[in-house]
Amino acid sequence: MILFQAQTMSSNSPNQTSPEAHTPVPPIHYFGDSAEEQAVGVRKLVDLFYDEMDTNPAFERIRKLHPNNLDHSREKFYLFLSGWLGGADLYTPKFGHPRLRMRHMPFPIASEDRDQWLLCMVNALRAMALPERVIEGLMLSFFRTADWMRNQPDPPGASGKTKLSIRAEGQGDD
């Protein structure tokens, strides 16, 4: 079972009683203070993600689903993530509505592929040194999306449930 705990990402103290005390902060703000810093941060996340996929033999299965040259994949993922994280919508003006499931249908994606993708992402997020609660919140959203991308049955006897844990070392299950 996946061990995600979503928490509201708020810059305000939980002891405040004003309406702003519970206003979630878009994840993009954890990538920098200015739009330029945020763009650099998202680009760094994308590069860390694809570098992990490209160089770690444990992710060979999903690496094979991508073209040899990852430049186009990196650029499209950067454009998509910019808006998905709460920043500027750079993807839609160039490519239209993301239609993620439709765009991923040509690629056979099973639970193992989903889990490899998620591990690449959690490794990239950790390399960014984001707060753990932010990583867990983002990973919950990434899990929901990645799970929706599955379009292949799992092998007989496999449950399709992930055994993936994104908890940092030393964190318990409480």
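**Figure 1. Aromatic pairs in the predicted model.** The structure holds nine aromatic pairs, a pair being two rings of Phe, Tyr or Trp (its six-membered ring) whose centres lie within 6.5 Å, with planes under 30 degrees apart counted as stacked, over 60 as edge-to-face and the rest as tilted. Residues are numbered from 1 along each chain as its sequence is written, and side-chain values use heavy atoms, with hydrogens and water left out.

**Figure 2. Charged side chains over aromatic rings.** The charged end of K76 sits over the ring of F95, 4.5 Å from the ring centre. R101 lies over the face of W148, at 4.7 Å from the centre of that ring. A charge is taken to sit over a ring if NZ of Lys or CZ of Arg is within 6 Å of the ring centre and within 35 degrees of the ring normal.

**Figure 3. The largest nonpolar core.** This core has 33 residues, and those with the most contacts inside it are L81 and L125; a nonpolar core is a set of buried Ala, Val, Leu, Ile, Met, Phe, Trp, Tyr and Cys residues joined through side-chain atoms within 4.5 Å. The elements that give two or more residues to the core are α1 (35-55), α3 (71-84), α6 (111-127) and α7 (132-149), and the largest share, seven residues, comes from α7. With residues up to four places away in sequence not counted, L125 touches L45, L130, I135, L138, M139 and F142, a contact being heavy atoms within 4.5 Å.

**Figure 4. Helix α6 and the residue that follows.** Helix α6 has 17 residues and reaches 24 Å from its first C-alpha to its last, close to the 24 Å expected at 1.5 Å a residue, where the expected span is 1.5 Å times one less than the number of residues. The buried residues of α6 are S111, D113, R114, D115, Q116, L118, C120, M121, V122, A124 and L125, and the buried residues of this helix pack against α1, α2 (60-63), α3 and α7. Just after α6, A129 takes a positive phi of about 60 degrees, although A129 is not a glycine. A129 is found in the loop between α6 and α7 and is exposed, with a relative accessible area of 65%.

Figure 5. R99 is found in the loop between α4 (92-95) and α5 (100-104), and R99 has a positive phi of about 40 degrees although it is not a glycine. With a relative accessible area of 42%, R99 is partly exposed. P106 has its place in the loop between α5 and α6, and at 62% relative accessibility P106 counts as exposed. The C-alpha atoms of P106 and L65 are separated by 9.8 Å, and these two residues are 41 residues apart along the chain.

**Figure 6. The surroundings of Q38.** Q38 is found in helix α1 and counts as buried because its relative accessibility is 11%. Leaving aside residues up to four places away in sequence, Q38 touches I28, H29, F31, G32 and D33.

**Figure 7. The chain behind the close-up views.** The chain has seven helices and zero strands, and of its 174 residues, 39% count as buried. Among contacts between residues at least 6 apart in sequence, 67% join residues at least 24 apart.

Key
This is a predicted model: local features need pLDDT of at least 70, side-chain atom pairs count only at pLDDT 80 or more; totals for chains, interfaces and linings use all residues. Buried means under 20% relative accessible area, exposed over 50%, partly exposed in between (1.4 Å probe, protein chains only). Helices (H or I, at least four residues) and strands (E, at least two) are DSSP runs, numbered from the N terminus.
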